[in-house]
Each structure stands twice: as C-alpha cells, then as structure tokens.
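Subject: Structure handover

Hello,

Please find the structure below. My notes on what was found in it follow.

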Amino acid sequence: MNKLAVFGVGTALLLAAAPASAITTFADFSPASNAPNILYVGADDGSGTLSSIDQLVHFAFLNPDGSVSGTTFDAMMNLTATTGAATLVGGGSLALLPISAGTVTFTSTAPVTWGGHTGTNLLTVNFSGGFLSAILGGSTASYGNSTPPFSVNFTSDFLDFSSSTARDLALAIDAINPSVGFAFGGNRVNLGTVSGNFGADATAGNPQGVPEPASWALMFAGFGLAGSVLRSQRRRAEVTFG
C-alpha cells in the first residue's frame with residue numbers, strides 16, 4: 001500500500017508565507033489496532049463528514065529528536081471534521097476536499113502525570129482550512145494544516161501554548177475501504193485508519209528543536225506537486241470516497 005505524499009495545497013502556500021519559526025513535532029498518535037478507526041460519509045460532490053468516536057489510540061509526547069518523551073499513553077480519540085465539495089486536479093486523478101472545520105481530542109483512559117502535571121486532556125486540536133487529499137482509486141488520504149494563515153489551536157493539561165504563534169498538524173488515513181473513487185448517486189460510506197502528528201514553535205515544558213529534514217523534504221515535495229497541478233488543471237467534479 002503506497003503512502004500518499006500529498007498534503008493540503010493551502011498548507012503549501014501558508015508555509016511559504018509564514019514567519020520563519022522553528023516548529024517542533026511535539027506529539028503523535030497511532031491506531032491501537034488494525035481495525036478501522038475513522039468513518040467518512042460523503043455526498044455526490046465529495047462534501048461530507050469525517051468522524052472517529054471513542055477510538056483507542058496510542059498517544060505520545062515527543063522529544064525534539066522524535067523519540068518518545070516518557071510514556072506512550074492509551075487515549076480515546078474523538079475526531080469530527082466537515083469537508084466541502086471536491087475539486088479534481090492532476091488530470092482528474094487527485095481529489096482535494098476543503099476542510100471547513102474540525103476538532104480532535106485525545107483523552108487518557110485514566111488521569112496521568114507527565115511533565116509535573118496531572119490530567120486527562122492529553123491534547124485538544126481545533127482546526128480549519130487546507131485540503132484533504134486523496135488519489136482516486138487508491139486507499140490512502142492525507143490532511144496537513146498550519147497556522148498562520150489557516151487555523152490550528154491546541155489546548156492540553158500538560159503543555160502551555162500561550163507563547164505559540166505557529167502550529168501544524170498532519171493526518172494520514174490508510175486502508176480506506178472501499179477505495180477512493182467517483183460517486184454515482186447517494187451517500188457513500190468509507191472506513192479507514194488514521195494516525196498523525198502535531199507541531200508548534202513554542203510549548204512550555206517541552207524541549208524545542210527542528211523537524212527532521214527528511215520529513216520536511218517529503219512534505220514539501222508533495223506540496224509542490226499538488227500546487228502545480230491545482231494551478232494548471234482546476235475543475236469542479238462530482239467525487240467522493242467510495
């Protein structure tokens with residue numbers, strides 16, 4: 001199964017315009033099992049909702065070098081996001097679905113102590129803007145977003161983001177079933193597994209650093225591809241997952 005190396009086109013533009021702040025990936029999460037943990041319900045034009053209700057995931061705070069900072073926590077993930085009508089680019093092979101609003105929370109299954117703080121809200125993220133990207137006929141999709149100019153806001157019982165001016169998130173959806181494709185009427189339902197990571201330029205109680213060069217190189221390569229095809233071949237189409 002090929003990983004989709006294309007994140008939101010809007011994110012590429014925003015990264016070029018954003019201040020030169022060193023964003024550190026401070027947390028990530030992965031599914032607790034191979035079972036589907038996210039649901040997509042879409043209409044004929046691709047607009048719809050992503051949801052993941054009370055799904056068990058493994059959540060970890062990270063050191064600047066990407067290693068786990070302490071313990072990996074069992075957490076309940078709740079994610080909801082709303083997508084708009086899709087645009088097809090790249091000769092009709094790449095679907096871009098704008099995200100109008102979304103929230104994802106990670107709540108520990110019991111109160112935990114980390115970094116001198118005790119609580120259950122490992123991380124709450126409110127976000128909007130950017131595009132959910134998927135190759136038609138494939139089984140993967142991805143979403144990336146940064147602020148400014150789009151919106152990513154973090155709250156946590158363990159980290160303080162009051163000094164943060166630049167934040168980002170990246171979500172990868174794998175094992176989409178049925179595969180991404182055109183809709184020929186009626187609502188479409190797809191299942192998949194989601195994982196992801198989160199970054200910020202300033203978090204109290206968390207060491208600062210820079211992202212891995214290879215990770216950013218891959219992401220920028222995807223941004224460039226999506227950006228060029230969007231400029232040259234933008235058109236509306238009826239598309240959704242399923």
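The mean pLDDT of the protein chain is 79, and 73% of its residues reach 70 or more; pLDDT is the predictor's confidence in each residue, from 0 to 100. Over residues 207-242 the pLDDT is below 50, and this stretch has 99 contacts in the model beyond near neighbours in sequence. Contact here means heavy atoms within 4.5 Å. Residues 1-20 also stay under 50, with 57 contacts beyond four places in sequence. Where pLDDT is low, the predicted coordinates should not be read in detail.

This is a predicted model, in which local features need pLDDT of at least 70 and side-chain atom pairs count only at pLDDT 80 or more, while totals for chains, interfaces and linings use all residues. Residues are numbered from 1 along each chain as its sequence is written, and side-chain values use heavy atoms, with hydrogens and water left out.

Overall picture

The protein chain has 2 helices and 15 strands. Helices (H or I, at least four residues) and strands (E, at least two) are DSSP runs, numbered from the N terminus. Of the 242 residues, 50% count as buried. Buried means under 20% relative accessible area, exposed means over 50%, and partly exposed is in between (1.4 Å probe, protein chains only). The chain exposes about 10,100 Å², and carbon and sulfur atoms supply 57% of that area. Accessible areas come from the Shrake-Rupley method with a 1.4 Å probe; for residues, only the protein chains shown count as cover. Among contacts with a separation of 6 or more, 73% are between residues 24 or more positions apart.

Strands around β3

Which strands pair with β3? One of them is β1 (residues 24-31), which runs antiparallel to β3 and is joined to it by 5 bridges. Two strands count as paired if DSSP finds at least two bridges between them. Asp-28 has Ala-60 in β3 as its bridge partner. β2 also pairs with β3 in the antiparallel sense, over 4 bridges, and here Tyr-40 stands opposite Leu-50. Strand β4 (residues 68-83) pairs with β3 over 12 bridges, again antiparallel, and Ser-51 stands opposite Thr-80 in β4.

Two of these pairings are hairpins. β2 and β3 have 5 residues between them, and Gly-46 in the turn has a positive phi of about 100°. β3 and β4 likewise have 5 residues between them, with Gly-66 in the turn at a positive phi of about 90°.

Ala-43 sits in the loop between β2 (38-42) and β3 (48-62). Because its relative accessibility is 25%, Ala-43 counts as partly exposed. The C-alpha atoms of Ala-43 and Ala-85 are 8.6 Å apart, although 42 residues separate them along the chain.

The nonpolar core

Which residues touch the most other members of the largest nonpolar core? They are Phe-106 and Phe-198, in a core of 45 residues. Strand β6 (residues 94-114) gives the largest share of this core, 7 residues. A nonpolar core is a set of buried Ala, Val, Leu, Ile, Met, Phe, Trp, Tyr and Cys residues joined through side-chain atoms within 4.5 Å. Leaving aside neighbours within four places in sequence, the contacts of Phe-106 include Phe-29, Val-57, Met-76, Leu-122 and Phe-198.

Two buried loop residues

Ser-164 lies in the loop between β10 (151-155) and β11 (167-177). With a relative accessible area of 9%, Ser-164 is buried. A polar atom of its side chain lies 3.5 Å from the backbone oxygen of Ala-166. Not counting residues up to four places away in sequence, Ser-164 touches Ala-200, Asp-201 and Ala-202.

Thr-203 is in the loop between β13 (188-200) and α2 (213-232). Thr-203 is buried too, at 6% relative accessible area. Its C-alpha atom is 5.5 Å from that of Asp-160, which is 43 residues away along the chain.

Backbone details

Where are the cis peptide bonds? One joins Thr-147 and Pro-148, with omega about -5°; Pro-148 lies in the loop between β9 (141-147) and β10. Another runs from Asn-177 to Pro-178, with omega near -5°, and Pro-178 is in the loop between β11 and β12 (180-182).

Asp-54, in strand β3, has a positive phi of about 50° although it is not a glycine. Ala-175, in strand β11, has a positive phi near 55° and is also not a glycine. At 40% relative accessibility, Ala-175 is partly exposed.

Regards

Note on methods:
A polar contact is a pair of N or O atoms within 3.5 Å; within protein, one must be able to donate a hydrogen and the other to accept it, and residues adjacent in sequence count only if both atoms are side-chain atoms.
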